[in-house]
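Me: Could you go through this one with me? I'd like to start with the charged pairs and then move on to the strands and the core.

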Amino acid sequence: HGAVFYQIYPRSFADASGDGVGDLAGIRERLDYLVWLGVDALWLSPFFVSPMRDFGYDVADYCDVDPVFGTLEDFDSLLADAHARDMRVMIDWVPAHTSSDHPWFVEARSSRESPMRDFYVWREPGPDGGPPNNWQAAFIKAPAWTWDDTTGQYWLHSFLPEQPDLNWDNPRVVAAMHDVLRFWLDRGVDGFRADVIHNIGKDPGLPDVAEAQARTPHAVINDHSSTHGHLRDIRRLLDGYPGERVMVGEVFLLDTTRVAPYCGTPEAPELH
């Protein structure tokens, strides 16, 4: 039979501490129940440090557990106990944007000369003084750009203004995100569910979209060829680890002919 994956949203699954919020220890206490259900693999929604403006998909530290959910030691214990039951563990990876509270963005926003400036996408205003292009944000009926008074430029955010998009054209961003994957792979995770993975590559010209798409969130339209090179590199990184390490992608393009290429080819595999 095919493997049974079970998604857990930690906040609402099980509360071991009694503070009214679910936590990693609560999941650990329920592993035998999940075995009884026939679960082969867990997918854990984000449990990383976050201000929770988007329920954890706004990450302020990719390599630590938010105290509301526990500690890294709690995660290690959960992972060990799951593996002891022959259960795989996949975690969410949010590579297209961070929280605006992430130290990278706090630093990037401090000055145009900041060494972290190019970790994100900044642009001068358009000819009318407004946003640089007509891209729309998801979740809110507003442009995908927010003006920064401090540095006099707009930053790009495909979702909330508090979720600035990372600039994957910057090799330092790529290296930093690869380091995040290695951090969790070295701890023993079996794979990742990559959030809006098709949104990491952008057309560097940032052109307007056609008028017919001008009111559609850009995250549902964005489909740039540069993403595929990044995915091939990510796949090589995973394939360099022992065992079966897996990368599942959220490719929210609403057209299967556009989604299919994100699996790559046998010679150049991308997502699993």
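**Charged pairs, strands and core**

Reply: The side chains of R109 and D148 form a salt bridge, with 2.9 Å from N to O. Please keep in mind that this is a predicted model.

Me: What does R112 meet in a salt bridge?

Reply: The side chain of R112 meets that of E124, at 2.7 Å from N to O. R112 is in the loop between α5 and β6 and E124 in the loop between β6 and β7, so this pair links parts that are 12 residues apart in sequence. R112 is partly exposed at a relative accessible area of 36%, and E124 is partly exposed at 41%.

Me: How many salt bridges does the structure hold?

Reply: The structure holds 18 salt bridges. One of them joins the side chains of D92 and R193, at 2.8 Å from N to O. D92 sits in strand β5 (residues 88-93) and R193 in strand β9 (residues 191-194), so that pair ties together parts that are 101 residues apart in sequence.

Me: Are D92 and R193 buried or exposed, then?

Reply: Both D92 and R193 are buried. They also belong to a network, in which salt bridges that share partners join D92, R193, D195 and E250.

Me: Changing topic to the strands: which way do β7 and β8 pair?

Reply: Strand β7 (residues 145-148) and β8 pair in the antiparallel sense, over 4 bridges, and T146 has W155 in β8 as its bridge partner. The two strands make a hairpin with 4 residues between them, where G152 takes a positive phi near 65°.

Me: What about β6 and β8?

Reply: Strand β6 (residues 122-123) also runs antiparallel to β8, and 2 bridges join them; R123 stands opposite Y154 in β8.

Me: Which way do the β8 side chains point?

Reply: From strand β8 (residues 153-156), Q153 and W155 point one way and Y154 and L156 the other way, and all of these residues are buried.

Me: OK, on to the core. How many residues are in the largest one?

Reply: The largest nonpolar core has 65 residues, and F47, F75, W93 and W184 are those with the most contacts inside it. Helix α6 (residues 171-187) gives the largest share of this core, 8 residues. There is also a second, separate core of 9 residues, which includes W135, Y154, L156 and L206.

Me: What is W93 in contact with?

Reply: Leaving aside its neighbours within four places in sequence, W93 is in contact with several residues, among them W168, M177, V180, L181 and F192, and its contacts also include R193 and D195.

Me: Last one: how many disulfides?

Reply: The count comes to 0 disulfides. As for individual cysteines, C63 counts as partly exposed at 25% relative accessibility, and C263 counts as partly exposed at 41%.

Definitions and conventions:
Residues numbered from 1 in each chain as written. Predicted model: local features only at pLDDT ≥ 70, side-chain atom pairs only at ≥ 80, totals over all residues. Heavy atoms only, no water. Disulfide = S-S within 2.5 Å. Buried < 20%, exposed > 50% of the residue type's maximum accessible area, 1.4 Å probe, protein only. Core = buried A, V, L, I, M, F, W, Y, C linked by side-chain atoms within 4.5 Å. Contact = heavy atoms within 4.5 Å. Pairing = 2+ DSSP bridges. Salt bridge = Lys/Arg side-chain N within 4 Å of Asp/Glu carboxyl O.
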